[in-house]
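Here is a short briefing on one chain.

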Amino acid sequence: MRTVSFDFDSPEARFKVLINHEEQYSLWPADLEVPGGWTETGVCASKEECDTYLEATWTDMRPKSLRIALDGQ
């Protein structure tokens, strides 16, 4: 069995920003296959750049279904 090591703190590390059906986001190592239930947003960058994107984009962390139930949208 091969173990894959990934240094999340390395400045060379690249991440994909993923989104699921509930409009929740996740950072994922760029070299790994996207897990089921997640879709790429098109953002692939350093952790710092991904974090900046998420701060600007993910302004309401509630799952989509909860936002709909509470806000009637």
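**Strand pairing**

Val17 has Leu27 as its bridge partner in β2. The model is predicted.

- β1 covers residues 15-20, and strand β2 covers residues 25-29.
- The two strands, β1 and β2, pair in the antiparallel sense. Five bridges hold the pairing.
- Four residues lie between β1 and β2 in the hairpin.
- Glu23 sits in the turn and has a positive phi of about 60°.

**Aromatic pair**

- The count of aromatic pairs comes to one.
- Its members are Tyr25 and Trp58, with ring centres 5.4 Å apart. The planes stand at 55°, so the pair is tilted. Edge-to-face would need an angle over 60 degrees, and stacked one under 30.
- The pair links distant parts of the chain. Tyr25 is in strand β2, while Trp58 is in the loop between α1 and α2 (64-71).
- Tyr25 is buried because its relative accessibility is 16%, and the cut-off for buried is under 20%.

**Nonpolar core**

- The largest nonpolar core has 10 residues in all. Its members are Ala13, Phe15, Val17, Ile19, Tyr25, Val43, Ala45, Cys50, Leu54 and Trp58.
- Elements giving two or more residues to this core are β1, β3 (38-45) and α1.
- β1 gives the largest share, three residues.
- Both partners of the aromatic pair, Tyr25 and Trp58, belong to this core.
- Val17, the bridge partner of Leu27, is also a core member.
- Ile19, another core residue, touches Gln24, Tyr25, Gly37, Trp38, Thr39 and Thr41. That list leaves out residues up to four places away in sequence.

- Glu48 lies in helix α1, which spans residues 47-57.
- Glu48 counts as exposed because its relative accessibility is 62%, and the cut-off is over 50%.
- The C-alpha atoms of Glu48 and Phe15 are separated by 9.7 Å. Along the chain these two residues are 33 apart.
- Ser10 is placed in the segment before β1.
- Ser10 is buried, at a relative accessible area of 18%.
- The side chains of Ser10 and Glu12 are joined by a polar contact of 3.0 Å.

Notes: Residues numbered from 1 in each chain as written. Predicted model: local features only at pLDDT ≥ 70, side-chain atom pairs only at ≥ 80, totals over all residues. Heavy atoms only, no water. Buried < 20%, exposed > 50% of the residue type's maximum accessible area, 1.4 Å probe, protein only. Polar contact = N/O pair within 3.5 Å; in protein donor to acceptor, adjacent residues only side chain to side chain. Pairing = 2+ DSSP bridges. Phe/Tyr/Trp six-rings, centres within 6.5 Å; stacked < 30°, edge-to-face > 60°. Core = buried A, V, L, I, M, F, W, Y, C linked by side-chain atoms within 4.5 Å. Contact = heavy atoms within 4.5 Å.
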